[in-house]
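Reader: I have a model open and want to learn how to read it. Where do we begin?

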Amino acid sequence: MAILKAFPNVIVTPHMAFYTDEAVSNMVENSIVGSLEFFES
């Protein structure tokens, strides 16, 4: 990472591709389903 940051033509940004309405909804749903399955077993 330090080597990349040293180049004047490199911009380091966070990865945000997962952050869509559908992805967030799926994360919430999967968390709830997983929790329910855990407590049912």
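Reader: Is Leu 4 buried, partly exposed or exposed?

Author: Keep in mind that this model is predicted. To judge a residue, look at its relative accessible area: under 20% is buried, over 50% is exposed, and partly exposed lies in between. Leu 4 has a relative accessible area of 46%, so Leu 4 is partly exposed. Leu 4 sits in helix H1.

Reader: What about Ile 11: buried or exposed?

Author: Use the cut-off again: exposed means over 50%. Ile 11 reaches 74% relative accessibility, so Ile 11 counts as exposed. Its place is the loop between helix H1 (2–6) and helix H2 (21–40).

Reader: How many helices and strands does the chain have?

Author: Two helices and zero strands.

Reader: What percentage of the residues count as buried?

Author: The chain has 41 residues, and 0% of them count as buried.

Reader: Which residues make a nonpolar surface patch?

Author: A patch gathers nonpolar side chains that lie within 5 Å. Here Met 1, Ile 3, Leu 4, Phe 7 and Val 12 make one of about 540 Å². Leu 4, our partly exposed residue, is among them.

Reader: What does the chain span along its principal axes?

Author: The C-alpha trace spans about 55 × 20 × 5 Å. Now pick a pair of residues. Ile 11 and Gly 34 are 23 residues apart along the chain, and their C-alpha atoms are separated by 38 Å.

Conventions: Residues are numbered from 1 along each chain as its sequence is written. This is a predicted model: local features need pLDDT of at least 70, side-chain atom pairs count only at pLDDT 80 or more; totals for chains, interfaces and linings use all residues. Side-chain values use heavy atoms; hydrogens and water are left out. Helices (H or I, at least four residues) and strands (E, at least two) are DSSP runs, numbered from the N terminus. Buried means under 20% relative accessible area, exposed over 50%, partly exposed in between (1.4 Å probe, protein chains only). Patches are made of residues with over 30% relative accessible area and no salt bridge: like charges are joined within 9 Å, nonpolar side chains (Val, Leu, Ile, Met, Phe, Trp, Tyr) within 5 Å. Accessible areas come from the Shrake-Rupley method with a 1.4 Å probe; for residues, only the protein chains shown count as cover. A salt bridge is a side-chain nitrogen of Lys or Arg within 4 Å of a carboxyl oxygen of Asp or Glu.
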